Amino acid sequence: MNRVLQFLNVSGTQIGDTGLEVIGRGLKHNSSLVSLDVSNNMIKSAKQLCQVLHLTGLQDLNLANNLIEDKQLEDFNAVLRKNSDTMSSHLQRLDLSAN
């Protein structure tokens, strides 16, 4: 039996930036995760996640209702544009609302 993590929902658990960094490091070694919900976590920076996002098979990413500022969102957008060829076949839903 194949037991790989495909869905991870840690919304509203107050993981903050540190928790997101840990998840980002773990994503480097997990290509099976297709859905990640880190909404409502007081996250201010998604830098670590941005750096590894193109290496993942994520189809659904929810970063809504955090504290991500405009500059961080611009950096996130730059990573998405830079890796659009790689990620276009994977990422189908991205929620950055209420940041």
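Is Asn 62 buried or exposed? Asn 62 is buried, at a relative accessible area of 11%; buried stands for under 20% relative accessible area, exposed for over 50% and partly exposed for values in between, with a 1.4 Å probe and protein chains only. The legends describe a predicted model, in which local features need pLDDT of at least 70 and side-chain atom pairs count only at pLDDT 80 or more, while totals for chains, interfaces and linings use all residues. Residues are numbered from 1 along each chain as its sequence is written, and side-chain values use heavy atoms, with hydrogens and water left out.

View A. Four strands form an open sheet in the order β1-β2-β3-β4, and their pairing is parallel. Strands (E, at least two residues) and helices (H or I, at least four residues) are DSSP runs numbered from the N terminus; two strands pair if DSSP finds at least two bridges between them. β1 (7-9) and β4 are the edge strands, each pairing on one side only. From one strand to the next the twist averages 5°, where axes are lines fitted to C-alpha atoms, for helices over the stretch in contact, and angles run from 0 to 180 degrees between N-to-C directions. Parallel strands β3 and β4 are joined by 3 bridges.

**View B. Asn 62 in strand β3.** Asn 62 belongs to strand β3, residues 60-62. Its bridge partner in β4 is Asp 95. The C-alpha atoms of Asn 62 and Leu 94 are 5.9 Å apart, although the two are separated by 32 residues in sequence. With residues up to four places away in sequence not counted, Asn 62 touches Leu 36, Asp 37, Val 38, Ser 39, Arg 93 and Asp 95; contact is defined as heavy atoms within 4.5 Å.

**View C. Ser 35 in strand β2.** Strand β2 covers residues 35-37 and includes Ser 35. Ser 35 is buried, with 15% relative accessibility. Apart from neighbours within four places in sequence, Ser 35 has contacts with Gln 6, Phe 7, Leu 8, Leu 58 and Asp 60.

**View D. Salt bridges around Arg 93.** The structure has 3 salt bridges, each a side-chain nitrogen of Lys or Arg within 4 Å of a carboxyl oxygen of Asp or Glu. In one of them, the closest N and O atoms of Arg 93 and Asp 60 are 2.7 Å apart. Arg 93 is in strand β4 (residues 93-95) and Asp 60 in strand β3, so this pair ties together parts 33 residues apart in sequence. Arg 93 is partly exposed at 39% relative accessibility, and Asp 60 is partly exposed at 22%. Arg 93 also meets Asp 95 in a salt bridge, at 3.7 Å from N to O. Asp 95 is buried, with a relative accessible area of 18%. Shared partners join Asp 60, Arg 93 and Asp 95 into one network of salt bridges.

View E. Asp 75 and Lys 71 form a salt bridge whose closest N and O atoms are 2.8 Å apart. Both residues lie in helix α3, 4 residues apart, or about one turn of the helix. Asp 75 is partly exposed, at 32% relative accessibility.

**View F. The largest nonpolar core.** This core has 21 residues, and those with the most contacts inside it are Leu 27, Leu 36, Val 38, Leu 61, Leu 63 and Phe 76. Helices α1 (16-27), α2 (47-53) and α3 (70-82) each supply at least two of its residues. The largest share, 4 residues, comes from α2. A nonpolar core is a set of buried Ala, Val, Leu, Ile, Met, Phe, Trp, Tyr and Cys residues joined through side-chain atoms within 4.5 Å.
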